Amino acid sequence: MPIKEDVEHGVEEEIREPLMAENKNLTDGLEDHDESSKGHPWMVYFYTIVAVCGSYEFGSCAGYSSPTQTAIREDLGLTLSEYSVFGSILTFGAMIGAITSGPIADFIGRKGAMRVYSAFGVAGWLAIYFAKGALSLDIGRLATGYGMGAFSYVFMICAAVSVSFIIGNVLSWRALALTGLIPCAVLLIGLFFIPESPRWLAKMGRQKEFEASLQKLRGKDANISHEAAEIQEYIATLENLPKAKLLDLFERRYLRSVIIGVGLMVCQQFGGINGICFYVSNIFETAGFSSTVGTITYALLQVVVTGLGAAMIDRVGRKPLLLVSGSGLVAACIITAVSFFLKVHELSLNAVPILAVTGILLYIASFSVGMGAVPWVVMSEIFPINIKGQAGSLATLVNWFGAWLCSYTFNYLMSWSSYGTFILYAAINALAILFIIGVVPETKGKTLEQIQASINA
């Protein structure tokens, strides 16, 4: 089924749902309602630009630690351990942000929640800019992580990571921190000019404001009566559904869906992505390759392949993309492991940089084409609506824990054995392929009922 048809149920999860699918956005304004969108669409475009600034901020945070590692450690005298904490604590903040985003959005509205997260982003970047030691760096990194916890529009994240990698080669680490303020500022200012979420207003029973907000989004000449009725009917349906509890996820009828969703998050995160992404500049330096050339190539390749993956997901299917991606990750890790093995044992040293950059570029291309976005898409399609919120929260927690563990341990693993690190990641990605073959169903073009039937057969 098309991604948006299943994900657009987001009422209570309108802020948290972006963590569950690539094409989900924070706004109602991205929905496809051809019949009702006959007005001037400028507000929808403006709404979209403002909302994706949050995801751009996410990517700015994720991409910050790689080009700045050497400079920050030298300027502030950080140990490897202290910098590993700084790099990885971002994911703890994001974990807390993801957990609290739903309740905050329900209490003060979607715009209010976005203001809160943007304010944390501003405070975090300023703390990093003025940092004089490890503590202020960590507080700033934690705050920016919290601020990005509610946003996850994949392509914009990749674009922002790539921009950070590129400009991080020419800006100082303090100046790069200031660039992170730009999307926060755009978001904060833009929120004064966009309407509140119609879905949230309808849920709160504010009928006149709901209709006014929807009319503003669709255009003053648009007929919103049909869409308004659909939204209210859907909210009424959700309100009548039994509220799922965490323990309900382990009932037999839901257990396999939970195993698939959580398992894909484990496959995505434990295969090494955050360690490589957070510290790719240092990997190139260790291998004797230009970190500037390497990170710029990495950044450009990531954006291009992510776009290709998004275009292919409904043509090729979810499972084939995951298998191609996983196979590429295994090959990439083996190539990189070979390069570091040769370096450690001083064999064919001229080939070391070439093999290392080939392996890393193949890794990010393989991850971007499938393993990066497809697990979120599959997860958005396999859970029945009554457990989607709880199941999504559990899978998101597992995802962020894996992101923290990978980013925190990467430098220690590289100190232990550079080639052993990539052999370990190759083994994990090989197990991920077996998991995908044996457990994960193909969900392309299937209804929720068909997917559930195949899962529970």
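These questions and answers cover a predicted model of one protein chain. Residues are numbered from 1 along each chain as its sequence is written. Local features need pLDDT of at least 70, side-chain atom pairs count only at pLDDT 80 or more, and totals for chains, interfaces and linings use all residues, while side-chain values use heavy atoms, with hydrogens and water left out.

User: What is the mean pLDDT of the protein chain?
Analyst: pLDDT is the predictor's confidence in each residue, from 0 to 100. In this chain, 88% of the residues reach 70 or more. Residues 1–39 stay under 50. The mean is 83.

User: How many helices does the protein chain have?
Analyst: Helices (H or I, at least four residues) and strands (E, at least two) are DSSP runs, numbered from the N terminus. The chain has zero strands. Its helices number 20.

User: How far apart are the end C-alpha atoms of helix 19?
Analyst: Helix 19 covers residues 418–438, which is 21 residues. The expected span is 1.5 Å times one less than the number of residues, so helix 19 should span 30 Å. The model agrees, with the end C-alpha atoms at 31 Å.

User: Which helices are included in what covers the buried residues of helix 19?
Analyst: Buried means under 20% relative accessible area, exposed over 50%, partly exposed in between (1.4 Å probe, protein chains only). The buried residues of helix 19 include Phe422, Tyr425, Asn429 and Ile433. Their cover, counted by contact (heavy atoms within 4.5 Å), includes helix 11, helix 12, helix 13, helix 15, helix 16 and helix 18.

User: Which residue forms a salt bridge with Arg318?
Analyst: A salt bridge is a side-chain nitrogen of Lys or Arg within 4 Å of a carboxyl oxygen of Asp or Glu. For Arg318, the closest N and O atoms are 2.5 Å apart. The pair links helix 15 to helix 17, 63 residues apart.

User: Which residues form a nonpolar patch on the surface with Leu246?
Analyst: Leu246 sits in the loop between helix 10 and helix 11. Its relative accessibility is 43%, so Leu246 counts as partly exposed. The patch has about 480 Å² of accessible area together (Shrake-Rupley method, 1.4 Å probe; for residues, only the protein chains shown count as cover). Patch residues have over 30% relative accessible area and no salt bridge, with like charges joined within 9 Å and nonpolar side chains (Val, Leu, Ile, Met, Phe, Trp, Tyr) within 5 Å; with Leu246 here are Leu247, Phe250, Leu255 and Ile259.
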